Amino acid sequence: MKRAIFMGDTLERIRKFPQKAQSEAGYEIYRVQVGLEPKDWKPLKTVGPGVREIRIRDDNGAFRVIYVANFADTVYVLHAFKKKTQATAKRELDLASRRLAQLTRN
């Protein structure tokens, strides 16, 4: 099983999701850790190669968890947020891109 590393304030953001969305985010990250795909995801090529977005919907809205699992033993959870508009806000994508760049610099 791959370990999960939460970049920046990502874990705190997930902990602020409503309970149902929080539980689903944890389950979906676990699926990625054991080599499975999340139930609902899409690639985020604009952020970087191999970056994916887990899509979570519940009664309180739409939530997103952006991660990359290209590394041999680690899933990096780059960002998490509540979606407020149809399109993902540029600032959310930019933050995920900056965190990915931090990984590739090291």
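This is a short tour of one protein model, stop by stop.

**Before you start**

The model is predicted, so local features need pLDDT of at least 70 and side-chain atom pairs count only at pLDDT 80 or more, while totals for chains, interfaces and linings use all residues. Residues are numbered from 1 along each chain as its sequence is written, and side-chain values use heavy atoms, with hydrogens and water left out.

**Stop 1: the whole protein**

Show the cartoon. The protein has three helices and five strands. Helices (H or I, at least four residues) and strands (E, at least two) are DSSP runs, numbered from the N terminus. Follow the chain from that end: the order is β-α-α-β-β-β-β-α.

Now zoom out. The C-alpha atoms fill a box of roughly 40 × 30 × 25 Å along the principal axes. The radius of gyration is 13 Å, which agrees with the value near 13 Å for a compact globule of 106 residues. That radius is taken over C-alpha atoms, and the globule rule is 2.2 Å times the number of residues to the power 0.38.

Of the 106 residues, 42% count as buried. Buried means under 20% relative accessible area, exposed over 50%, and partly exposed in between (1.4 Å probe, protein chains only).

**Stop 2: helix α2**

Select residues 19-33. This is α2, with 15 residues. From first C-alpha to last it reaches 21 Å, close to the 21 Å expected at 1.5 Å a residue. The expected span is 1.5 Å times one less than the number of residues.

Which residues of α2 are buried? They are A21, A25, E28, I29, R31, V32 and Q33. Show what they pack against: β1 (3-6), α1 (10-15), β3 (51-58), β4 (61-68) and β5 (74-83). Then step to G35, which follows α2 and has a positive phi, near 95°.

**Stop 3: V65**

Select V65, in strand β4. V65 is buried, with a relative accessible area of 1%. Contact means heavy atoms within 4.5 Å. Not counting residues up to four places away in sequence, V65 touches I14, F17, A25, I29, R52, E53, I54, I56, V77, H79 and A80. Draw a line to I14: the two C-alpha atoms are separated by 8.2 Å, yet the residues are 51 apart along the chain.

**Stop 4: R55**

Move to strand β3 and pick R55. R55 is partly exposed, at 23% relative accessible area. Leaving aside neighbours within four places in sequence, R55 contacts D40, W41, K42, F63 and R64.

**Stop 5: M7**

Go to the loop between β1 and α1, where M7 sits. Is M7 buried or exposed? M7 counts as buried, at 11% relative accessibility. Beyond four places in sequence, its contacts are Y76, V77, L78, R99, Q102 and L103. M7 and L103 are 96 residues apart in sequence and 9.5 Å apart in space, C-alpha to C-alpha.

**Stop 6: T88**

Finish in the loop between β5 and α3 (90-105), at T88. T88 is buried, with a relative accessible area of 18%.
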